[in-house]
Every structure is written in C-alpha cells, then in structure tokens.
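Trainee: Please walk me through this model. I want to learn how to read its main features.

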Amino acid sequence: MNLNFGFDFDTVFTEMMESHGLRNVVILGHMNPDGDAAGCVMGLAHYIHTNYPEYHALPYLADTLDKGPKKQIGEDGVFRPFEVPDQAVLERGPYGVIVCDTATIQRIIGREYFENAAFSLVIDHHASDEGYGDVNNTFISESCAENIARMLSPELLKKAAEEPHPNAADYLYMGILHDTDAFARAEVSTLRTGAALLEAGVDHRYVMKSMLTQTLQDLEKEAMILSMAKRVFDGKVAYVYVDRNTAEEKNIGYEDIHPISGILRDCEDIHLGFTMYEEAPDIWRCSFRSDIDWINVNELLLPFGGGGHAAAAGLRKHAEDPRGLLQNILDDIRRLTAV
Ligand SMILES: [Mn+2]
C-alpha cells in the first residue's frame, strides 16, 4: 500500500544533508507542544536515528508539553528532548533543521536554531502555515504526524518500528491519536495510516495511555470551569471567559482551560466553543473549536491576528479591553454565520 502523496521525505532529507555537507539535524515543533507536535518531532528523530546512523538527530521540545505525551517521552530510551541541543555538537559546523506542525516562525520553540540553520525543511498541516523555510511541505490534514508517516519509506518505518517502545511508529501514532481525538475525526487516509502503523508494530493500548491521563480531581475542575460557560446565539455558541483574578481565585491554569473549547463544541447542541484566558496581565489566549460546516474559525481569527485550522484555531493577543475584543469576536461570528 502506497500512502505517499508525492513528497518523499527520505530523498528531500538526504539531499538537504548531503548538498550542504551536514551531519547534524535539529528537530523542532511549536510552543506549548501537544501530542501531535511532540509525536512528529520524536517520530522523525527516531526514524533518522535508526535508519541514518551517519546523521545526528537533535530533537528539542518545550517542557510545557501536555501530560500524556510527556509521560511517553519520559520512557524514551534514546532522546532527552527537553534539554537544549548539545552546543558542542552544533558548534562543530553547519547543521540542518526540520520544523514540524508549526504554522509560523513566531511559534517555533528553539527559533534560534531555525535561524542559524544552513537549511530548513518545514512539514506542516495547518491551513494558516506561512510557507516559511527553504523547503515547506504543508498539506492540510487532521494531523501533521499523518503527513509525516505518509512521506516516510514504508520499509524504513518498519525497521524503526522494531526498536524498543516508544519508537518512531509509536510517536507518529501518538500524534495522530491526539490530533484526531483517537480517530474521532478521520479521513480515509487517517485510518489507512493508522492501520499501516499498527501493522508495523505499534501497540494501540500502549499509545492510548498517553490519551487517558485525567484524575477525578481533574474532572471536578473541568466541571467547575464548564459551569462558568455562557451561551449566546440561541445557545449555538458557548464560551468561557477567565480573567487573572478568576484564574488565581479558582486556581485555573492554561492546561485546565485548553480542552474546554473542544468539549463545548463536541456537545450536540453547540456549534462553536471558545475560551478566553488571561495568561499574563492583558495577555489573552483564546482557543476556538467549531463544527466545520457552521463556521471556519481560521477565517474568523485571521483579522484578529490568530488562526490555525478551519475547525480549530487560536489567538494570543495583548488586549487592554478584553470585553471589547469579546464583543468584536461575537459580532464577527454573527456576520459570518448570520445567526
Ligand atoms: Mn497538529
């Protein structure tokens, strides 16, 4: 079965390394990495480590990573991606960089490594990707890990899947699980790629452990936050607004807020769920999840300086008048949907 879509990672990668005389490659993802970003970075690092021993892969991730993926990476027998890449290695000469799952240069964690690289390869799945990098392969899909799994050599991926868990195949499968909510959102290609990874040796139950991380206390906090939801436009839209005072008083961190917009959107009677969270004084992080045929949230947020995917997008904004920002967003929702 050929799952490739015309971009052959092995050819592009070896050409990038050989034509620039590179031996080291730094692999990066986006800030506050989710399972997909982490799965892509770690999956590629293991794939290169197993199949290209002549090259040195240096994965680097922010340690503000979600709890489940962080646990899986804690079991990694090869890489310590939360430590900055070995300077001694990088100072030996020019190196290449691969950036995964990151739509804009601004969102790269380890941006200085991207800027100082001799060559950059960007692999992404966001509609809002800027098209940066020397080679940019952006293909809109449910998860970046699916794109990567499809552009790798099936034989070499199989070989990498024979390594102890967690290996390249486990990590790519983890990326797909996290960005599709365990295949709740999937195209034919998503299920085919998942099946190919399982056939290569991924243990579904093992990787699922990176999804199931909530304690009873987490659920109780989630219920408390959900009880703060306001509904507008006949209840079709629901949002949670948390300013600094509320966050401190109720001990609500960004990791608590992060899943809320998706939970709201997944309600049968809600088409759009979003959250506004004051991360630092006047700095607002907003997360939007929608039914794709009701509103495109990438389009909604572009005028505000945010973006992402049609059904999942975000905005981080300095706002001295957050209530005004909220009102502007609600006005645009009305304009785009005629509610
Ligand atoms: Mn992603």
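The dialogue below takes the metal site, then the cores, then the sheet.

Mentor: This is a predicted model: local features need pLDDT of at least 70, side-chain atom pairs pLDDT 80 or more, while totals for chains, interfaces and linings use all residues. Residues are numbered from 1 along each chain as its sequence is written, and side-chain values use heavy atoms, without hydrogens and water.

Trainee: Which residues coordinate the manganese ion?

Mentor: Donors are N, O and S atoms within 2.8 Å of the metal (3.2 Å for Na, K and Ca); water is not among the atoms, so sites may look incomplete. Here Asp36 (OD), Asp101 (OD), His125 (NE2) and Asp179 (OD) coordinate the manganese ion at 2.3 to 2.4 Å. Their sequence spacing is D-x64-D-x23-H-x53-D.

Trainee: Are aspartate 36 and aspartate 101 buried or exposed?

Mentor: Buried means under 20% relative accessible area, exposed over 50%, partly exposed in between (1.4 Å probe, protein chains only). Both aspartate 36 and aspartate 101 are buried.

Trainee: Which residues touch the most other members of the largest nonpolar core?

Mentor: A nonpolar core is a set of buried Ala, Val, Leu, Ile, Met, Phe, Trp, Tyr and Cys residues joined through side-chain atoms within 4.5 Å. The largest has 51 residues; Phe9, Phe13, Ile48 and Ile98 touch the most other members. A second, separate core of 24 residues includes Trp284 and Leu326.

Trainee: What is the strand order of the open sheet?

Mentor: Strands (E, at least two residues) are DSSP runs, numbered from the N terminus. Two strands pair if DSSP finds at least two bridges between them. The 6 strands run E6-E7-E8-E9-E11-E10, with mixed pairing. Strands E6 (230-232) and E10 (307-308) are the edges, each pairing on one side only. E8 and E9 are antiparallel, joined by 8 bridges.

Terms used. Helices (H or I, at least four residues) and strands (E, at least two) are DSSP runs, numbered from the N terminus.
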